[in-house]
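Hello,

Here is the structure I promised to pass on to you. My notes on its salt bridges follow below.

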Amino acid sequence: MLRTVKHMEDYVISATDGNIGHVKDVYFDDETWCVRYLVVDTGTWLSSRKVLISPISIGQANWAGKQLPVSITKEQVENSPDINTQTPVSRQQEIRLLKYYGYPYYWGGYGMWGDSVYPNLMLTGYVDLVSRPNDEDPQGVRAVKAEQHQDDDMHLRSSQAVIDYRIHASDGDIGHIEDLLIDEETWAIRYLIVNTSNWWLGHQEIGLKM
């Protein structure tokens with residue numbers, strides 16, 4: 001099913017031992033058009049510090065209850081690398097964050113998430129692809145490819161930063177971005193919701209497929 005970014009705002013992120021905070025934004029990759037991190041406001045327990053949570057850690061969502069459970073603890077979040085969510089996130093910061101949580105790199109594989117299209121499958125049978133090979137990758141090829149991309153230019157964008165961007169067709173202006181539609185299983189952005197009310201009377205929103 002598809003969910004809008006705005007719909008997910010203020011969803012509760014629940015750790016294994018309590019609530020972490022509420023979703024305030026997402027960072028997506030503008031090459032693959034995939035959400036890489038949720039920006040979570042931790043509220044009073046961490047002095048409103050904003051932290052990045054990867055979809056890799058998200059379990060079975062409670063969409064009706066607006067709750068996303070994650071397989072990490074509050075202590076892990078508290079001690080996680082402090083990343084300024086008001087500035088662009090660098091690949092080196094990503095490496096620090098993913099290594100801290102023990103997650104493989106999502107880049108360098110054959111799919112959207114490593115060699116898969118689903119983020120949670122990156123941890124299924126995972127044996128530290130960052131530092132040592134496993135039986136399915138005897139030469140550590142994927143780890144080498146991931147390391148080769150560690151200095152790549154970043155393509156992470158805040159959804160809030162692109163809201164209101166103008167959309168131009170080959171023959172003129174269409175409107176502006178109102179929201180993003182995300183696949184709840186792959187976390188891929190499938191459509192841009194575009195407000196066309198400035199030129200198309202009676203039609204305020206259309207979906208542009210990515």
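At 56% relative accessibility, does Asp82 count as buried or exposed? Asp82 counts as exposed, where exposed means over 50% relative accessible area, buried under 20% and partly exposed in between (1.4 Å probe, protein chains only).

Before the rest, some background: this is a predicted model, in which local features need pLDDT of at least 70 and side-chain atom pairs count only at pLDDT 80 or more, while totals for chains, interfaces and linings use all residues. Residues are numbered from 1 along each chain as its sequence is written, and side-chain values use heavy atoms, leaving out hydrogens and water.

There are nine salt bridges in the structure (a side-chain nitrogen of Lys or Arg within 4 Å of a carboxyl oxygen of Asp or Glu). Asp82 takes part in one of them, with Arg49, at 3.7 Å from N to O. This pair links distant parts of the chain, 33 residues apart: Arg49 lies in the loop between β4 (34-41) and β5 (50-53), and Asp82 in the loop between α2 (74-78) and α3 (91-101). Helices (H or I, at least four residues) and strands (E, at least two) are DSSP runs, numbered from the N terminus. Arg49, at 17% relative accessibility, is buried.

Asp10 and Lys24 form another salt bridge, with their closest N and O atoms 2.4 Å apart. Asp10 is partly exposed at 41%, and Lys24 is partly exposed at 30%.

Within helix α3, Glu94 and Arg91 are three residues apart, so about one helical turn separates them. Their side chains meet in a salt bridge at 3.2 Å, N to O, and both residues are buried.

Best wishes
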